[in-house]
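Here is a walk through a protein model, taken step by step. Have the sequence and the 3D view at hand as you read.

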Amino acid sequence: MTEKGVTAKTYALALVLGVCILLLIACKRPELFGWPKSALLTRVPIPQSLRIKATDTFLSKLTPQDVPTLKQMLKSNVPYVRMRAVAGLIQFPSDEVVDIAIEMANDSDESVRQRAFALLGRSRNQRAVPILIRALQDESVDSFEIVTQGLVALKSKDAAPALLDILNNDKDPHKFTFAQIYAGNALAAITDQKYKFTAGRMFCGNPPMEGAHMVAEGKKLGGERGQALAARGQEILTDWDASVNKVNAEARVKNVHERERFLKWWTANGKRFSTPNHSVERPAAQ
């Protein structure tokens with residue numbers, strides 16, 4: 001390679017490094033370049049990874065004066081930026097912020113919706129209730145958990161009939177979904193009843209065995225030591241499966257009993273939680 005070629009590559013490398021350094025500085029001190037924070041976080045064309053870094057840096061120390069910037073960030077086409085903006089607004093509850101959360105509860109990105117649901121739940125504003133009740137239809141289990149927690153935080157008795165519909169709509173009385181478990185526990189908390197629905201949980205061996213992981217991942221083990229480890233790993237996996245099935249079965253039986261008790265109580269007391277759009281006359285579980 002000629003000396004001229006080496007020099008050109010050196011200049012190109014220096015230019016790239018210089019641009020990277022400038023971008024890193026811009027992420028931390030955009031005002032040095034005459035950019036408002038909101039422009040850097042939403043409009044200035046920079047790589048998405050740097051925009052995310054700039055977002056995290058900005059959100060590390062928020063003040064009430066940053067609310068306008070957070071509102072601008074909600075317009076970003078990067079879901080992570082919108083999600084973090086909503087999360088930032090949680091620190092500054094107000095009627096305007098509740099309005100923003102209501103709007104963002106319809107965002108196309110699940111993580112953004114979840115932060116909006118969380119904000120509404122913490123808002124202590126009853127305008128959040130109908131939005132959270134409607135959000136019970138969200139397909140994400142994680143979103144559903146956040147929504148039910150919000151309804152409990154708001155002590156929303158208006159949500160009781162909708163939660164009961166979810167608890168009572170399973171065709172198989174011996175199988176509970178996570179949505180039913182969250183709905184049931186929220187319903188118990190809202191109506192001040194001591195019912196507890198439980199989720200089946202995975203049983204974790206202690207200590208976890210290398211062989212079990214290898215067998216589970218389909219890896220082949222050679223030699224006598226490897227074969228012995230694989231055999232022990234298979235035993236652990238078998239025990240693990242048996243434990244999971246046992247715990248899940250116990251949880252299902254317990255939940256059936258809890259639902260029967262709750263429906264009997266609701267039949268006698270549910271009219272206290274009636275709303276015009278829900279029927280509260282529920283038969284006791286058979």
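Let's start with contacts, meaning heavy atoms within 4.5 Å. Of the contacts in the protein chain with a separation of 6 or more, 57% are between residues 24 or more positions apart. Keep in mind that this is a predicted model, where local features need pLDDT of at least 70, side-chain atom pairs count only at pLDDT 80 or more, and totals for chains, interfaces and linings use all residues. Residues are numbered from 1 along each chain as its sequence is written, and side-chain values use heavy atoms, with hydrogens and water left out.

What is the chain built from? It has 13 helices and zero strands, where helices (H or I, at least four residues) and strands (E, at least two) are DSSP runs numbered from the N terminus.

Now for the inside. Of the 286 residues in the protein chain, 40% are buried; buried means under 20% relative accessible area, exposed over 50%, and partly exposed in between (1.4 Å probe, protein chains only). Helix H6 (residues 95-104) gives you an example: its buried residues are Val97, Val98, Ile100, Ala101, Ile102 and Met104. And what covers them? The cover includes helix H4 (67-73), helix H5 (79-89), H7 and H8.

Look next for Arg124, Lys155, Lys157 and Arg272, which form a positive surface patch. Patches are made of residues with over 30% relative accessible area and no salt bridge, with like charges joined within 9 Å and nonpolar side chains (Val, Leu, Ile, Met, Phe, Trp, Tyr) within 5 Å. A salt bridge is a side-chain nitrogen of Lys or Arg within 4 Å of a carboxyl oxygen of Asp or Glu.

Lys157 sits in the loop between helix H9 (141-153) and helix H10 (160-167), and because its relative accessibility is 40%, Lys157 counts as partly exposed. Arg124 is in the loop between helix H7 (110-122) and helix H8 (128-135), and is exposed, at 75% relative accessible area. Arg124 also has a positive phi of about 60°, although it is not a glycine.

Asp192 is another non-glycine residue with a positive phi, near 60°. You'll find Asp192 in the loop between helix H11 (178-190) and helix H12 (210-216), exposed with a relative accessible area of 63%.

How values were computed. Areas by Shrake-Rupley, 256 points an atom, 1.4 Å probe, with all protein chains shown as cover. Lys, Arg positive; Asp, Glu negative; His and termini not counted. Charge placed at Lys NZ, Arg CZ, Asp CG, Glu CD.
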